[in-house]
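Let's take a walk through a protein chain, going from the overall layout down to single residues. Keep the structure open while you read.

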Amino acid sequence: MGIEEKLPSGILLTTVEKMAGYARKVSVWPATFGLACCAMELISTGGPRHDLARFGMERASNTPRQADLMIVAGRVSQKMGPVLRQIYDQMADPKWVISMGVCASSGGMFNNYAIVQGVDHIVPVDIYLPGCPPRPEMLLDAIVKLHDKIQNTKLGANRVAEIEELEQARLRRLPLAQGTGHPGIGASAPTLLGHAATERERAGAEPHTQVAGIGLSGTGSGMHGTDAGPPDAAHSELDQSEPGEQS
């Protein structure tokens with residue numbers, strides 16, 4: 001009734017990498033590490049509606065020595081950082097980390113001295129899960145992606161070659177556009193202020209050219225938002241007209 005019915009002669013050929021990856025994928029035990037409101041979403045993932053047990057992950061270890069997945073759910077304070085690292089070091093190898101929520105991934109709204117701006121400053125992260133807080137469905141999607149990563153993990157010499165290949169690919173990677181990389185590399189990206197300054201310099205070189213800009217009212221082209229051109233243009237026309245026409 002299962003896969004054995006479809007195999008010729010009941011023999012299945014595979015590799016050690018695939019067999020080890022499958023065994024690790026279906027036996028992931030998470031470590032409970034809830035720090036903030038994201039922990040409520042993590043707890044609800046184990047409920048009957050989302051059923052985390054379908055992945056064999058319903059056993060949340062209270063001891064790090066019997067866990068291989070750390071789900072950091074919530075913001076990490078500076079005082080909690082050493083504790084988190086100690087628990088990570090006590091976990092069994094191989095081990096993985098999911099950064100759950102924007103606070104754990106980048107500090108979130110807590111951009112201050114008390115919160116670590118990203119848990120990857122303390123432990124290596126495998127999956128970044130955005131959201132504030134992320135829904136249980138998003139956590140399940142992150143777990144599925146982690147399972148796929150575990151399944152396709154290389155071993156031995158193949159892993160060393162994969163790491164070197166990825167490193168060389170990163171070194172050969174070019175920025176998507178000029179000025180999007182490091183400020184000191186490439187030309188600087190054009191800005192709105194720089195474009196406006198260029199247009200005004202061009203208008204100064206060419207007489208009777210209307211300068212498009214944002215005025216006080218936000219709709220005109222001069223300082224007051226209603227000017228039709230440079231402020232000196234109207235005065236120069238009056239000066240050049242005859243005295244009888246001015247009256």
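## The overall layout

First, a heads-up: what you're looking at is a predicted model. The chain has nine helices and four strands. Start at the N terminus and the elements come in the order α-β-α-β-α-β-α-β-α-α-α-α-α.

How much of the chain is buried? Of its 247 residues, 28% are. As for who touches whom, take the contacts between residues at least 6 apart in sequence: 67% of them join residues at least 24 apart.

The largest nonpolar core holds 19 residues. Within it, the residues that touch the most other members are L69, I71, I98, M100, L139 and L146. Where do the pieces come from? At least two residues each are supplied by α2 (38–45), β2 (69–73), β3 (96–100), β4 (127–129) and α5 (136–151). Helix α5 gives the largest share, with six residues.

Pick L139 and look around it. Setting aside residues up to four places away in sequence, L139 touches L42, T45, I71, M100 and L129.

## Helix α2 and its two sides

Now turn to α2. Its buried residues are C38, A39, E41, L42 and T45. Around the helix axis they cover an arc of only 160°, so they sit on the same side of α2. Look at the other side and you'll find M40 and I43, which are exposed. And what covers the buried residues of α2? The cover includes β2, β3 and α5.

## Where α2 meets α5

How do these two helices pack? The angle between α2 and α5 is about 75°, and their axes are 9 Å apart. Angles of 65 to 115 degrees count as roughly perpendicular, so that's the label for α2 and α5.

On the α2 side, the contact is made by E41, L42, S44 and T45. On the α5 side, it is made by P136, L139 and L140. Sort the residues of this contact by type and you get four nonpolar, two polar and one charged.

## Helix α3 and its buried face

Helix α3 spans residues 80–90, and its buried residues are G81, L84 and Y88. Why can we say that they line one face of the helix? Viewed down the axis of α3, they fall within an arc of 65°, so one face it is. These buried residues of α3 pack against β2 and β3.

Which residues does H147 touch, leaving aside its neighbours within four places in sequence? They are K25, V28, F55 and M57.

Two peptide bonds deserve a look. The one from D93 to P94 is cis, with omega near -5°, and P94 lies in the loop between α3 and β3. Another cis peptide bond joins C132 and P133, with omega about -15°. You'll find P133 in the loop between β4 and α5.

Next, go to the loop between α2 and β2, where D51 lies. Phi of D51 is near 60°, a positive value in a residue other than glycine. Is D51 buried, exposed or partly exposed? Its relative accessibility is 32%. Buried means under 20% and exposed means over 50%, so D51 counts as partly exposed.

The loop between α2 and β2 also holds G47. With a relative accessible area of 19%, G47 falls under the 20% cut-off, so it counts as buried. Finally, find G47 and P136 in the structure: they are 89 residues apart along the chain, and their C-alpha atoms are separated by 9.9 Å.

Key:
Residues are numbered from 1 along each chain as its sequence is written. This is a predicted model: local features need pLDDT of at least 70, side-chain atom pairs count only at pLDDT 80 or more; totals for chains, interfaces and linings use all residues. Side-chain values use heavy atoms; hydrogens and water are left out. A nonpolar core is a set of buried Ala, Val, Leu, Ile, Met, Phe, Trp, Tyr and Cys residues joined through side-chain atoms within 4.5 Å. Buried means under 20% relative accessible area, exposed over 50%, partly exposed in between (1.4 Å probe, protein chains only). Contact means heavy atoms within 4.5 Å. Axes are lines fitted to C-alpha atoms, for helices over the stretch in contact, and angles run from 0 to 180 degrees between N-to-C directions. Angles under 35 degrees count as roughly parallel, over 145 as roughly antiparallel, 65 to 115 as roughly perpendicular and the rest as oblique. Ala, Val, Leu, Ile, Met, Phe, Trp, Tyr, Cys and Pro count as nonpolar, Asp, Glu, Lys and Arg as charged, and the others, Gly among them, as polar. The arc is that of the directions from the helix axis to the C-beta atoms.
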